[in-house]
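Here are some notes to read with the model open beside you. Take them one at a time and find each spot as you go.

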There are 2 protein chains.
Amino acid sequence: MTPLAELITPALLLDVGVLERNCEAMAQRAARHGVALRPHLKTAKSAEVARRATRGQGGGLTVSTVAEAAYFARRGFTDLTYAVGIDANKIEALHGIQRASGARVTLLADRIDAVQAADSRARVLGATFRLLLEIDTGGGRGGVDPNDDELLSLAHEVQRSESLSLAGVLTHAGHSYHVQGGTAIRAVAEAERAGAVQAAGRLRAAGMPVDVVSVGSTPTAVCAQTLEGVTEMRPGVYTFFDLDQAARGICGVEDIALSVLATVIGHNPRSRRVLIDAGALALSKDQSAAEFRGGLGFGLVCHAGGTVPLPGLCVAELHQEHGLISCDGDDDGVQAMFRALPVGSRVRVLPHHACMTAAPYDRYHVVEGAGSGVQAVWDKARGWQAGA
Amino acid sequence: MTPLAELITPALLLDVGVLERNCEAMAQRAARHGVALRPHLKTAKSAEVARRATRGQGGGLTVSTVAEAAYFARRGFTDLTYAVGIDANKIEALHGIQRASGARVTLLADRIDAVQAADSRARVLGATFRLLLEIDTGGGRGGVDPNDDELLSLAHEVQRSESLSLAGVLTHAGHSYHVQGGTAIRAVAEAERAGAVQAAGRLRAAGMPVDVVSVGSTPTAVCAQTLEGVTEMRPGVYTFFDLDQAARGICGVEDIALSVLATVIGHNPRSRRVLIDAGALALSKDQSAAEFRGGLGFGLVCHAGGTVPLPGLCVAELHQEHGLISCDGDDDGVQAMFRALPVGSRVRVLPHHACMTAAPYDRYHVVEGAGSGVQAVWDKARGWQAGA
């Protein structure tokens, strides 16, 4: 077991005990609602995380890039939903993934021209895909209005195509990220559910097959009171959680499985800052949680041995490869901070948004509990090219 | 020559004509000031960019990570300054780079304990390094006050060490990024120069060798009136420029060499948004230029064939793999935007901060001028591990 002190920093730490607990809690929620759990692996991009997140489930995953689809297909995950509106230029790569691995990649579309373009590329290649129709249940990102005639036209277009088969409907209540508290999130969850079920009902009434009614986002998955009529949910960030989810009450800080290990490389008494070697690239500039909670800077700071935030400290500034930690105290507080974080010591930073922080890294250093060394190294996907 | 239409998006485009012009202009500035140009490759992380940026120069580079040091050493760059305060845990990797490639990696420190820790590791390995002392000339990040006694103690500590030799002083006027206009930036540039020269003078007066007096930041390199007493400058982002530099008047929008190619994957008439497949990971959430200019959102939008921003359009929202483009017009404007950017069409997004945007990508697709296809693909370093 490698001691944390021997890692080259910045490095991504993942607490497998917290991960397993988060996965188990979400599996229980899905079971309670009687829906399948198709975890969104855009957060973790890791096969080892996917194995834990799909334990006791059908094994289906949600992905956000062709690179993730290729990575998971190569590692034996054969049921993938690529939950970004399909661009016909990606059809050849996705077909290659299906052919090489035997996996099935289910597509998403909300436009007749996108369906036609995808079908046209797929026909040339002799490829076939299942396709979900994207429904806008208030997020204002992708999707058709569940009550619009466009929904039926779109479904007919899929039915008419040679290469595509209609699998059902999918929605993502992205706006659940901008409300706080159980009541508000429950309302978004109900709008998400009701819109998806409404769309499914209209399609079925028109004689269309709708196997899949897919909803998802971590806040709505945690807070939904009912998922009646839904077949699956697709939360993602719950695997790791982060300050953003904690700030809106979806989890506790102790549920955050992901942190960045960094080394103290300096003290600046004039600017009252402790310098660490984790900057804007290592932590991301995401400050999502600031919408709901102050004093977080670009992340909370813990001693390397655990994940209990040091009171009053945060990463106050980011440069490309430098993070600057401040404390909210007076001169004595600054001196205490310097003593607590000597040059050469290590800290963990809890991130605002786990998806943004984890993305650029190649691997997770797996720990378990306070004081743990590195028990394992897990690979992960990154970027957009269908690589290793 | 691959047409842009055949690339998988998101993809990083680099206009080599603009790059060469930016490199030539900075080389001329360095020549005018009589200083060496040691470009900071933290922005481009690319050997092909480094070759252009060092044309007519000594070939020395500045790097910000061990991964960059390894990448450039393996590609024949033998004079590298690792311009982040040294962490002793990185000594072994840097020694490995020196041994494998014959490159010389010059270190940076501003603390006696950091010098001692680095020396201790280096001695065990039989490694030797040149080392620069970091001077704080107002940035408040790393560095000692040029007038503080600590400067001399630090230099003596380096002189006493077995493995380290004193190379000179280095400063980075990072606060030049938060002022706008020639007068204000010239004042920062002069403080940067004067502080570094003052530190060098005090060391020389104490009998210390000071070969290198290194300053740098793109704004101060562009605006400095004199660099008397300085031996080298280390600007980086000037190779690509970006909206942030344009917003503070350091370059024009037409000088931006870097853009992200994305595909239009949807229109949402309810939220009045055009959806593209370049989101927070592909563009970064950096909004640096907003300090000086409004209306930029997360980047300006151009047709794929060029880099002239479409009036009134910007990337207004980012999700992980989705960008949402808005326009500042009325309903007719929204319809015009939808017509201008049909589903399946391609756009280029000009980024706020080129360093943040380029970092996660594996390669540059090199174009030249409006309407160009891909002339070449250049590899690049990324992440923190000393990889390929």
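The points below go from the pair of chains down to single residues.

1. Before anything else, keep in mind that this is a predicted model. Every number here is computed from that model.

2. Start with the two chains together. If the wording is new to you, two copies of a chain are related by a rotation about an axis and a shift along it.

3. Now look at where the chains touch.

4. Next, find the open sheet in chain A. Its eight strands pair in parallel, in the order β2-β9-β8-β7-β6-β5-β4-β3 (chain A). Which strands stand at the edges? They are β2 (36–37) and β3 (61–63) of chain A; each has a single partner strand, so one side of each is left without a neighbour in the sheet. As a reminder, strands of a sheet pair through backbone hydrogen bonds, either parallel or antiparallel.

5. Zoom in on one pairing in that order. Strand β8 (residues 212–215) of chain A runs parallel to strand β9 (residues 232–233) of chain A, and two bridges join them. To see one bridge up close, pick Ser214(A): its partner in β9(A) is Glu232(A).

6. For an antiparallel example, go to β13 (residues 313–318) and β14 (residues 323–327) of chain A, which pair over five bridges. A hairpin of four residues joins β13(A) to β14(A). Glu317(A) has Leu324(A) as its bridge partner in β14(A).

7. Helices deserve a look as well. Helix α6 (residues 150–160) of chain A packs on helix α7 (residues 182–205) of chain A at an angle of about 60°, with the axes 10 Å apart. That angle makes α6(A) oblique to α7(A). The crossing of α6(A) past α7(A) is right-handed. Who meets whom? Leu151(A), Leu152(A) and Ala155(A) in α6(A) meet Ala199(A), Arg202(A) and Leu203(A) in α7(A). By class, that contact has five nonpolar, no polar and one charged residues.

8. Most residues other than glycine have a negative phi, and most peptide bonds are trans. Against that background, the peptide bond from Thr9(A) to Pro10(A) is cis, with omega near 0°. Pro10(A) sits in the segment before β1 (11–15) of chain A. In chain B, a cis peptide bond joins Thr9(B) and Pro10(B), with omega about -5°. Pro10(B) lies in the segment before β1 (11–15) of chain B.

9. Look for Lys45(A) in the loop between β2 and α2 (47–53) of chain A.

Conventions. Residues are numbered from 1 along each chain as its sequence is written. Chains are lettered from A and ligands numbered from 1 in the order in which they are written. This is a predicted model: local features need pLDDT of at least 70, side-chain atom pairs count only at pLDDT 80 or more; totals for chains, interfaces and linings use all residues. Two strands pair if DSSP finds at least two bridges between them. Axes are lines fitted to C-alpha atoms, for helices over the stretch in contact, and angles run from 0 to 180 degrees between N-to-C directions. Angles under 35 degrees count as roughly parallel, over 145 as roughly antiparallel, 65 to 115 as roughly perpendicular and the rest as oblique. A crossing is left-handed if the near helix is turned anticlockwise from the far one by less than a right angle, and right-handed if clockwise. Two residues are in contact if their C-beta atoms, placed from the backbone, lie within 7 Å. Ala, Val, Leu, Ile, Met, Phe, Trp, Tyr, Cys and Pro count as nonpolar, Asp, Glu, Lys and Arg as charged, and the others, Gly among them, as polar.
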